[in-house]
Amino acid sequence: MDNLRKILFLIPIAFLSFSCEEEVDDMVDDNDDDDDNSVNIVEMTIDNSGASAYFVSEINGNEEVTTTNEDNSTWELTVGTRYVLTVTGASSHPFALRDSENNILLSMNSVDGSFEEDSDVDFQASGTSFNFTLTQALAGELDNYVCTVHLGMTGSITVN
């Protein structure tokens, strides 16, 4: 009688185990090549020529954002790309992105930009780092970059 109870007790447990395993297998698809959730990342080092200009000294990634070592060059950014900037003189030259009316969209200093809390932009600024993902909404507003202390340190931005 005890053996019969054990068997009757174990049958539902075994059934649930196999049922749950099939559901988990259905939910997990490790070989789905159609879903490419990778994000394009472009790393750039932003240097400065005194208080007169920014210039990009290095670009790592698959985009030619701008000509390197050219003062206040025009940048060409791509929607969907994550940009990881290192602003070498950030303490003296805080970096920001602005719209065509010079309103701050993203900023290194205490000025709050209008896209800083946008989770899709995922803006992060700390020390010399200035990281963001260019969303369609941000691209629609973006016009230029600037030093928030030296307004002559500025350049245009176009978007693909």
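Author: Happy to! Contact here means heavy atoms within 4.5 Å. Keep in mind that this is a predicted model.

Reader: Great. Among contacts between residues at least 6 apart in sequence, what share join residues at least 24 apart?

Author: In the protein chain, that share is 52%.

Reader: And which elements does the chain have, in what order?

Author: There are two helices and 10 strands. From the N terminus on, they run α-β-β-β-β-β-β-β-β-α-β-β.

Reader: Nice. Which residues touch the most other members of the largest nonpolar core?

Author: Those are Met44, Trp75, Phe95, Phe130 and Phe132, in a core of 31 residues.

Reader: Let's follow Trp75. What is it in contact with, leaving aside neighbours within four places in sequence?

Author: The list includes Met44 and Phe95, and also Ile46, Val56, Val65, Leu85 and Tyr145. Thr66, Ser156, Ile157 and Thr158 are in contact with Trp75 too.

Reader: Is Asn72 buried or partly exposed?

Author: Partly exposed, because its relative accessibility is 23% and buried means under 20%.

Reader: What about Asn102, where does that lie?

Author: Asn102 is in the loop between strand E5 (95-99) and strand E6 (104-107). Its phi is also positive, near 65 degrees, and with a relative accessible area of 41% Asn102 is partly exposed.

Note on methods. Residues are numbered from 1 along each chain as its sequence is written. This is a predicted model: local features need pLDDT of at least 70, side-chain atom pairs count only at pLDDT 80 or more; totals for chains, interfaces and linings use all residues. Side-chain values use heavy atoms; hydrogens and water are left out. A nonpolar core is a set of buried Ala, Val, Leu, Ile, Met, Phe, Trp, Tyr and Cys residues joined through side-chain atoms within 4.5 Å. Buried means under 20% relative accessible area, exposed over 50%, partly exposed in between (1.4 Å probe, protein chains only). Helices (H or I, at least four residues) and strands (E, at least two) are DSSP runs, numbered from the N terminus.
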